[in-house]
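Here are my notes on the model you sent over.

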Amino acid sequence: MSALEDGVPRPVVVITDTEELDPEPGVRLLVDAGWEVRVVGSRDPEAIGAVAHDADALIVGYARVDADLLDRTPKVRMIATMSAGYDMIDVAEVERRGLWLANLPHSATEDVAVHALAQALALTRRLPQADAVVRSGGWNTELHEVPRRASELTLGLVGMGRIARTLARLAAPLFGKVAAHDPRATNWPEGVERLDLDTLVERADVLSLHVPSTPQTRGMVDAGMLARMRPGSVLVNVSRGDLVDPDALLAALDGGHLAGAALDVFPVEPPAPDDRLRSHPRLLLSPHSAFLSDASLRAYVTEPARNVIAWWATGRPHTPVVDPTPRNASRTQGALA
């Protein structure tokens, strides 16, 4: 612990990497609550360890938190992520050491859901192709693909967590049917048909992915799944880049089996300049920005601070993922994100 001018000890929190975020609003909250705040601005474990050797808590962007980093920060008892996802955290190691882990399950739910809906509608209305025709000097006689009416289409959701539920609510008035697959979800929304994965893939005209990256989901959208999708259907991925086999996706687009795909996430970010994902005419791309809004940018720095402040003041963060208290010493298990 550090010390105030009057000699009263105060807790130390270290913010690892902030990427494009301005940490100042979160820093102000923490300082006002009596914390000493240090900002590393790096994912490098040596740099983090040097600054956080006596820290009580970490606030993490994309930095990897594993046994090595935790060995360098032996006093840390609380880790707060600046995101809903926490695949950068070695959860098993956090559990083994009896630490708290909190994420941000609500900060960008609406933004990501709206982004996925916008991508789905753009693909079904063939907006990228229409844009290309006008920019090249053409007009509607050169539109070779007629858009399909959304009210005659099925939107399929793989996963039924917070984002997918919000997307289902927003999309219901537009699509003829909304269906989903999630074997773990218990809070199933009214009006969404529950299907097994194979049936969902075969029936969906738009298939939108809303699952975390796990050993079971990585590469799940492979050549076999893409072949089972309806001819002329489209794929939307705002979840994790490693869910989709990029070579299989490109082959399905080249062969015409898929009419298009929208990607906000990629297996490698950013993709190489010569990556075919960047240039394929049937791909609608965004730079991992589905989360982005003025409101989400504020929440990504203030809500982790509030988790840390609540933990120190009450013994519990607002949104725990790992709760090390004896009666709850396990990871919080919810629906797919």
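Predicted model: local features only at pLDDT ≥ 70, side-chain atom pairs only at ≥ 80, totals over all residues.

**Notes on the model**

1. Leu101 counts as buried because its relative accessible area is 0% (buried is under 20%, exposed over 50%, partly exposed in between, using a 1.4 Å probe and protein chains only). You'll find Leu101 in strand 7, residues 100-102. Strands here are DSSP runs of E with at least two residues, helices are runs of H or I with at least four, and both are numbered from the N terminus. Leaving aside residues up to four places away in sequence, Leu101 touches a list that includes Ile79, Thr81, Tyr86, Val94 and Val322; contact means heavy atoms within 4.5 Å.

2. Numbering starts from 1 along each chain as its sequence is written, and side-chain values use heavy atoms, leaving out hydrogens and water.

3. Two of those Leu101 contacts, Ile79 and Thr81, belong to strand 6 (residues 78-81), where they point one way while Met78 and Ala80 point the other, and all are buried. In a regular strand, side chains alternate between the two faces of the sheet. Strand 6 pairs with strand 5 (residues 57-60) in the parallel sense over four bridges; pairing takes at least two DSSP bridges between the strands. Within that pairing, Leu58 has Ile79 as its bridge partner.

4. Next, the seven-stranded sheet: it is open, its pairing is parallel, and the order is 10-9-8-11-12-13-14. Strand 10 (192-194) and strand 14 (283-285) are the edges, each pairing on one side only. Ignoring direction, neighbouring strands are turned by 20° against each other on average. Axes are lines fitted to C-alpha atoms, for helices over the stretch in contact, and angles run from 0 to 180 degrees between N-to-C directions.

5. Helix 10 (residues 246-254) lies across strands 12, 13 and 14, at about 140° to strand 13.

6. Which way do helix 5 and helix 7 sit relative to each other? Their axes come within 8 Å and cross at roughly 55°, so they are oblique (under 35 degrees is roughly parallel, over 145 roughly antiparallel, 65 to 115 roughly perpendicular, the rest oblique). Residues meeting across this contact include Val112 and Leu117 in helix 5, and Ile163 and Leu170 in helix 7. By class, the contact has nine nonpolar, two polar and two charged residues.

7. Helix 5 also holds His115, which counts as buried because its relative accessibility is 19%. Not counting residues up to four places away in sequence, His115 touches Val238, Asp264, Ser286, Ser289 and Ala290.

8. Finally, helix 1 (residues 24-32) and helix 11 (residues 294-314) pack at about 20°, with their axes 7 Å apart, so they are roughly parallel to each other. Among the residues that meet are Leu29 and Leu30 in helix 1, with Ala305 and Ile309 in helix 11.

How values were computed. Nonpolar A, V, L, I, M, F, W, Y, C, P; charged D, E, K, R; others polar.
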